Amino acid sequence: MNGDVLVLGGGVVGLTTAIVLAESGKRVRVWSRDPAGMTTSAVAGGLWWPYRIEPEKLVGEWALESLRVYEALADRPEETGVRLVPGVQAGTRPAELGPWAARVEGLREVGRDELPPGFTSGLRARIPLIDMPVHLGWLRRRLEAAGGAVEAREAGSLARAQSRSGASVVVNCTGLGARELVPDPSVRPVRGQLVVVENPGVEEWFTAVDHASSATTYLLPQPGRLLLGGTAEEDSWDLVPQEATAAAIVERCARIHPEVGRAKVLGHRVGLRPARDTGVRIESERLPGGALLVHNYGHGGAGITVAWGCAGAAAALVG
């Protein structure tokens, strides 16, 4: 076997991991079943925040490491898709967050006077909001500039992918696909639906999560559009946008910004977050024949948030 590394998965986790490996001097190829625009990453709202991801004791450092990268990339938003945008998370207090929150510059608690009606607590922060289609394109170009390549190919199985590629290392960044590929039945979908509308003038992001419900509320201003959400439906594989769900999303968001209720609908999106019962898996093992297999999957609703931190951890296992 040669010294090549094969990365399986062309979403944000796979591309970021491939970049870290390629820029460290490895010869890297990415196999992706779907084009970048068809991955779960492309559907994501793109707000940096540790959401629906475990284990908590590791997530904070991964998220902060990624935050520093995004802060630097925000200097070139048209190129990278990364902007630093102010906004509010309602219904949350600093004490409810992990130690990572104290290291997010400018994050502060706000009172009723800075919140929409019906909310008594919240946080304000200026954090990365990422235009995912633009960012995924930039990631691919950065990988190619480092000598890497992306190929439209299915793995079939981990052992078969290694055999066909001849790579000495396989890195599994297949997200929800790891459920069948590993196989790992603890990987489960958490369905997210959102509505894309013309932006009537909303400049700040807003989120409010009800942990007792599958319904969430968020407004994310992206260039040329406003993303409205959302849902967090566990164990749902349905990729078809539901009309009633879309109407409920618009209604919830219009309570925050009434003008949203009159905005022209541009489209609907559905994505399946790759949750894992025991949290993110970054581990190594050996395939038949001795090739190294490194896992990097199970990022739930925060793959974007922890992508660079997890990429570094996975690359360390590659050595």
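Me: Is W49 buried or exposed?
Reply: W49 counts as buried because its relative accessibility is 7%. Buried means under 20% relative accessible area, exposed means over 50%, and partly exposed lies in between, with a 1.4 Å probe and protein chains only. This is a predicted model in which local features need pLDDT of at least 70 and side-chain atom pairs count only at pLDDT 80 or more, while totals for chains, interfaces and linings use all residues. Residues are numbered from 1 along each chain as its sequence is written, and side-chain values use heavy atoms, with hydrogens and water left out.

Me: How many aromatic pairs are there in the whole structure?
Reply: A search of the whole structure gives 4 aromatic pairs. Rings of Phe, Tyr and Trp (its six-membered ring) pair if their centres lie within 6.5 Å; planes under 30 degrees apart count as stacked, over 60 as edge-to-face and the rest as tilted. One of the pairs is W48 with W100, edge-to-face, at 5.8 Å centre to centre and 80° between the planes.

Me: Where do W48 and W100 sit in the chain?
Reply: W48 is in the loop between helix 2 (40–43) and helix 3 (56–73), and W100 is in the loop between strand 3 (82–90) and strand 4 (108–110), 52 residues apart. Helices (H or I, at least four residues) and strands (E, at least two) are DSSP runs, numbered from the N terminus. Both W48 and W100 are buried.

Me: And which aromatic pair does W49 form?
Reply: W49 forms an edge-to-face pair with W100, at 5.3 Å centre to centre and 85° between the planes. This pair also links distant parts of the chain, as W49 and W100 are 51 residues apart.

Me: Why does W100 count as buried?
Reply: W100 counts as buried because its relative accessible area is 9%.

Me: Changing topic: at what angle do helix 3 and helix 9 pack?
Reply: Helix 3 and helix 9 (residues 303–318) pack at about 105°, with their axes 6 Å apart. Axes are lines fitted to C-alpha atoms, for helices over the stretch in contact, and angles run from 0 to 180 degrees between N-to-C directions. The two helices are therefore roughly perpendicular to each other. Angles under 35 degrees count as roughly parallel, over 145 as roughly antiparallel, 65 to 115 as roughly perpendicular and the rest as oblique.

Me: Which residues meet there?
Reply: Residues of helix 3, including V59, W62 and Y70, meet residues of helix 9, among them I304, W308 and A313. Contact means heavy atoms within 4.5 Å.

Me: What about the sheet, in which order do its strands run?
Reply: The order is 6-2-1-7-15-14 in an open sheet of 6 strands, and the pairing is mixed. Two strands pair if DSSP finds at least two bridges between them. Strand 6 (149–152) and strand 14 (281–286) are the edge strands, each pairing on one side only. Within the sheet, strand 1 (residues 5–8) and strand 7 (residues 169–172) are parallel and share 4 bridges, and L6 stands opposite V170.

Me: How many residues of strand 11 are buried?
Reply: In strand 11 (residues 225–231), 7 of 7 residues are buried. Strand 11 runs antiparallel to strand 10 (residues 215–222), with 6 bridges, and antiparallel to strand 8 (residues 187–197), with 4 bridges. L227 is the bridge partner of L220, and L228 is that of V195.
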